[in-house]
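Me: I'm new to this one and would like to learn how to read it piece by piece. Could you walk me through it?

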Amino acid sequence: MPQTRGLLDQLVRRYWKPVYIYIRAAWRKPNEEAKDLTQAFFTHLLEGTFFSRLKPEKGNFRAYLKKALRNFLIDAERFDKVRRPEKPIVSLDIAMDQADLAPPAPGEAPEAAYDRAWFRCLLDGAVDGLWQFLSLEGRLKYFEVFSLYCLHPITSPDGFRPGSGETATQPTYRDVAQTLSLTEAEVRHYLEFCRAHLRRILSERIREYAATDDEVKEELKQIIGE
Amino acid sequence: MSDEQRYNRIQSFLVRAPGEPVPKAPDLPPPELGTVGHYRLIRQVARGGAATVFEAQDTRHGRKVALKVLTFGAGNPLHVARLQREAAIASRLRHPNIVGVHDTGMVANAEGQTVHYIAMDFVEGRSLAYLLKDPLVKTTTLLGILNDVADAVAYLHARGIVHRDLKPGNVLVDASGRGIVADFGLARSADRGSPSLTGLHEVLGTPQYMAPEQVEGRTKDIGPWTDIWSLGVMLYQILARRLPFGGTSVAEIQTRILTEPPPPPSSLAAAVNPRLEALCLRALSRDPSRRPPDASVFADDLRRP
């Protein structure tokens with residue numbers, strides 16, 4: 001469980017999107033109103049005693065935050081008192097301004113939309129962490145390989161994109177090797193390295209908010225099924 | 001590729017046979033303030049990925065320098081080669097808008113480890129990144145700085161060198177307002193004979209200034225036009241006071257660079273000069289052949305009344 005104010009601020013910056021998505025899905029709020037409510041929720045949490053009342057025995061932080069959000073929204077509706085805070089969290093404003101805020105998928109339950117957005121934030125954060133780690137290590141070539149394999153389609157000279165479209169196929173090691181003028185063995189090695197570190201970084205990100213090793217394992221299981 | 005596909009791909013990538021991490025070279029802790037050879041360290045001014053930069057006094061020549069010391073992965077010969085290449089490239093450059101290199105070398109520290117360093121001009125001032133965040137700094141001032149940068153990059157291009165890591169953090173602005181390009185950690189001669197150290201990178205940063213050909217890893221397609229893209233991003237920031245490709249993650253930013261045209265700066269800010277906007281959007285053409293071919297053309301267009 002996060003215990004310091006600095007870490008709490010960091011978690012807010014990292015996991016505001018699931019809150020925003022939940023508000024849009026549960027309350028059918030338009031974009032700007034959902035943003036204001038997201039601001040109001042986190043300001044309420046950071047100014048109040050929510051975080052000081054966090055206890056490992058209360059269970060999963062992700063679920064606990066969701067429950068707090070649900071209660072907050074019920075109160076907000078009851079008292080019709082939610083306004084954009086007078087002193088909004090500046091970093092949150094900037095993040096919301098820059099983010100690609102697509103509405104939740106139609107028909108998706110708010111709870112599921114929240115969890116899905118949470119895991120996506122985790123994956124995005126882990127990929128960012130991988131980028132930073134490989135930058136520090138002087139191995140941005142590794143990120144290029146990972147990026148082509150996982151993040152972006154490859155365009156062949158005849159315009160064929162192995163990784164695009166509804167029936168997209170995963171680029172092969174050979175696709176990546178040809179694009180980057182590497183051998184397939186090099187691509188395999190680079191990807192193994194990236195995979196090991198991406199898993200490590202993902203676990204570290206979860207550990208920032210998880211109370212126990214079991215909870216880390218459980219979160220990992222939910223994301224990658226093992 | 002949709003978001004759904006991307007996340008699915010990352011998730012299945014994580015599931016597959018996990019490989020063991022490859023051990024990395026031992027790190028060398030940044031030197032305590034003291035001396036490195038004949039340089040007396042005064043204070044740390046920046047810490048990048050692989051190196052730390054100190055304000056230092058050159059006791060032999062009685063001048064102040066910026067001393068860049070390789071710290072991270074110092075035992076890695078590729079890092080050393082990169083630093084030496086940076087020194088080799090930078091030391092043959094003489095231009096008022098490019099940071100000058102005085103000396104490069106290696107010395108043993110107290111623990112007997114070899115410390116590699118480059119001594120450069122110490123520029124008293126701020127970075128362009130700092131100035132861009134200040135709403136009180138006038139657009140004309142920022143354009144003047146970009147003009148200096150474009151001149152410096154034109155000088156590089158004329159010598160067959162591509163910087164490849166142009167961004168406001170790598171542009172120093174001295175007390176007189178002169179823009180000075182620093183950090184040749186990624187620079188590479190445009191000729192194909194130069195040894196490839198691709199992938200070596202020292203500054204922890206974002207991909208905001210990367211051209212599409214860099215994002216897609218098409219290293220063979222990198223050329224002067226790649227620097228033009230970065231100049232275009234900086235011009236965009238000056239005109240619109242925001243980045244053309246925002247996002248909250250590396251993947252999101254990269255996707256936008258590859259797929260979305262930037263909104264015209266005039267749609268985000270008032271009184272944008274149409275000629276500069278046209279230059280900016282041309283520099284941000286996804287097709288490199290549509291960009292100004294090198295920085296001298298970009299600089300000329302920037303100056304045109």
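**Reading the model**

Reply: Let's start with one pair: in β10(B), V173(B) has G179(B) as its bridge partner. Before going on, note that this is a predicted model, where local features need pLDDT of at least 70 and side-chain atom pairs count only at pLDDT 80 or more, while totals for chains, interfaces and linings use all residues. Residues are numbered from 1 along each chain as its sequence is written, chains are lettered from A and ligands numbered from 1 in the order in which they are written, and side-chain values use heavy atoms, with hydrogens and water left out.

Me: Which strands does β9(B) pair with, and in what sense?

Reply: Strands of a sheet pair through backbone hydrogen bonds, either parallel or antiparallel. Here two strands count as paired if DSSP finds at least two bridges between them, and a strand is a DSSP run of E with at least two residues, whereas a helix is a run of H or I with at least four, both numbered from the N terminus. Strand β9 (residues 171-174) of chain B runs antiparallel to strand β7 (residues 125-127) of chain B, with three bridges between them. In that pairing, G125(B) stands opposite D174(B). β9(B) also pairs with strand β10 (residues 179-181) of chain B, again in the antiparallel sense over three bridges. V171(B) has its bridge partner in β10(B) too, namely V181(B).

Me: Is strand β6 of chain B mostly covered or uncovered?

Reply: "Buried" means under 20% relative accessible area, "exposed" over 50%, and "partly exposed" in between, using a 1.4 Å probe and protein chains only. β6 (residues 114-121) of chain B is mostly covered, with six of its eight residues buried. Strand β4 (residues 63-70) of chain B runs antiparallel to β6(B), joined by five bridges, and A66(B) stands opposite M120(B) there. Strand β5 (residues 101-108) of chain B is also antiparallel to β6(B), through seven bridges, with A108(B) opposite T114(B).

Me: Where is D227(B) found, and what is it in contact with?

Reply: Contact means heavy atoms within 4.5 Å. D227(B) is found in helix α6 (residues 224-240) of chain B, and is buried, with a relative accessible area of 0%. Leaving aside neighbours within four places in sequence, D227(B) is in contact with V153(B), H157(B), V162(B), H163(B), R164(B) and L166(B). The C-alpha atoms of D227(B) and A295(B) are separated by 7.8 Å, although these residues are 68 apart along the chain.

Me: How many helices and strands does chain A have?

Reply: Chain A has ten helices and zero strands, while chain B comes to nine helices and eleven strands. Of the 226 residues of chain A, 54% count as buried; for the 305 residues of chain B, the figure is 56%.

Me: At what angle do the two α7 helices pack?

Reply: Axes are lines fitted to C-alpha atoms, for helices over the stretch in contact, and angles run from 0 to 180 degrees between N-to-C directions. Helix α7 (residues 140-151) of chain A and helix α7 (residues 250-259) of chain B pack at about 75 degrees, with their axes 12 Å apart. That makes α7(A) roughly perpendicular to α7(B); angles under 35 degrees count as roughly parallel, over 145 as roughly antiparallel, 65 to 115 as roughly perpendicular and the rest as oblique. F143(A), S147(A) and L151(A) meet V250(B), A251(B) and Q254(B) in this contact.

Me: Why is α7(A) described as largely enclosed?

Reply: Twelve of the twelve residues of α7(A) are buried, so this helix is largely enclosed by the rest of the structure. Among them are Y142(A), F146(A) and C150(A).
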